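Trainee: I am new to this structure and would like to go through it step by step. Please show it first.

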Amino acid sequence: MKHLHDKTKEILNNYSDSERIISIRKSKWIGYSQASNIISRFDELLNYPINHRMPNILLVGDSNNGKTALLNKFLKANQSFVEEETSKLVVPVLLIQAPPEPDERRLYNAILESLFAPYNSSEKIEMKQQRVIHLLKKVELRLLIIDEIHHVLAGNLSKQRSFLNVLKFLSNELRISMVCSGTKEAFNAIQTDPQLANRFEPKVLKKWRNDEEYLRLLASFERLLPLKEESMLIEPSISTKILAMSEGLIGEISRILELSSILAIESGVEKINKNILNNIDFVPPSDRKKMIFKL
């Protein structure tokens with residue numbers, strides 16, 4: 001069992017098959033250089049000295065390629081806390097999801113909900129805005145993260161501009177940095193406002209390629225999968241097949257390995273091989289779209 005992490009060995013030695021399957025289904029974070037570099041930039045924003053024009057980041061990547069997992073990893077490392085001396089709540093980082101369409105009121109509601117602050121849906125927008133600013137200053141927010149920012153494009157051009165102006169206003173008023181995250185369409189959303197576009201540094205989560213880092217990723221995954229036999233995921237025929245099935249998306253890679261590990265346990269094979277990969281219930285992302293069009 002040299003191929004396994006020590007904690008994975010404990011699972012293998014002490015868990016039943018059903019318990020091993022449950023452990024496989026739990027989300028796992030595996031660090032890689034691209035994610036580490038982006039998180040380092042987030043740390044820089046978090047600790048950036050107050051300025052009249054704070055820097056921001058636009059995180060762009062394909063759906064299911066690790067954006068939200070990366071944001072949650074950063075959020076977990078910078079959780080809210082209560083100061084012992086003053087009993088004051090401090091929220092250094094706040095993560096919200098952009099409303100399904102560019103709507104100022106819904107944005108404020110999302111912020112208030114994340115802070116567990118009560119709100120009245122019929123409250124005047126000006127009052128809600130003031131309360132949001134007051135609360136964010138009170139909790140000493142330093143970095144606001146807005147995921148799924150491509151939702152901005154769901155509204156007409158007027159609504160898009162109005163929503164983006166709200167983001168500029170919040171950044172200027174609070175003197176905080178922002179991270180906006182979304183698909184490639186997110187870049188188009190930000191670009192509709194030249195001033196905002198100049199404030200956001202784009203960071204792109206690229207699709208995985210068949211290189212050394214991809215093989216390191218597979219090796220790291222294998223150490224966390226409680227299988228009795230070594231799968232040798234980095235073996236060319238296996239690694240190439242996983243990459244082709246996943247279409248280079250880390251979320252799909254993770255799903256393929258999850259399904260394969262479960263089938264390996266249920267079948268008694270106890271390792272991932274080409275036969276296991278061929279028999280999991282998995283449809284590549286591009287084929288899913290074709291299936292929908294055929295309906």
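Trainee: How many bridges join β5 to strand β6?

Mentor: The model is predicted, so local features need pLDDT of at least 70 and side-chain atom pairs count only at pLDDT 80 or more, while totals for chains, interfaces and linings use all residues. Residues are numbered from 1 along each chain as its sequence is written, and side-chain values use heavy atoms, with hydrogens and water left out. Strands (E, at least two residues) and helices (H or I, at least four) are DSSP runs numbered from the N terminus, and two strands pair if DSSP finds at least two bridges between them. Strand β6 covers residues 177-182 and runs parallel to β5, and the number of bridges joining them is four.

Trainee: Which residue of β5 stands opposite V93?

Mentor: Strand β4 (residues 93-97) pairs with β5 in the parallel sense, over five bridges. In β6, S177 has L143 opposite it. The residue of β5 opposite V93 is also L143.

Trainee: Which residues point one way from β5, and which the other way?

Mentor: In a regular strand, side chains alternate between the two faces of the sheet. Five of the five residues of β5 (143-147) are buried, where buried means under 20% relative accessible area, exposed over 50% and partly exposed in between (1.4 Å probe, protein chains only). One way point L143, I145 and D147, and the other way L144 and I146.

Trainee: Which residues does I242 touch?

Mentor: Contact means heavy atoms within 4.5 Å. Residues up to four places away in sequence are not counted, and I242 then touches Y214, L218, L233, I253, I256, L257 and L277.

Trainee: Is E123 buried or exposed?

Mentor: E123 is found in the loop between α5 (104-114) and α6 (125-138). Leaving aside neighbours within four places in sequence, E123 is in contact with R105, K128 and R131. Its relative accessible area is 17%, so E123 is buried.

Trainee: Which residues are the closest to the centre of the largest pocket?

Mentor: On a 1 Å grid over the protein atoms alone, a pocket is an open set of points with protein on both sides within 12 Å along at least five of seven lines, and a cavity is a set where a 1.4 Å probe fits but cannot get out; lining residues have an atom within 4 Å of a point. About 750 Å³ of space lies in the largest pocket. Among its 30 lining residues, the closest to the centre are S27, K28, W29, A69 and S254.

Trainee: Which residues lie nearest the centre of the second largest pocket?

Mentor: This pocket holds about 400 Å³ of space. The elements that give two or more residues to its lining are α1 (6-14), α2 and α10. Of the 16 lining residues, those nearest the centre are K7, T8, I11, K28 and L224.

Trainee: What is the volume of the largest cavity?

Mentor: Its lining consists of H3, E222, L225, L227, E229, S231, L233 and I272. A volume is the space filled by probe spheres set on the grid points, which are joined across faces, edges and corners. For the largest cavity the volume is about 30 Å³.
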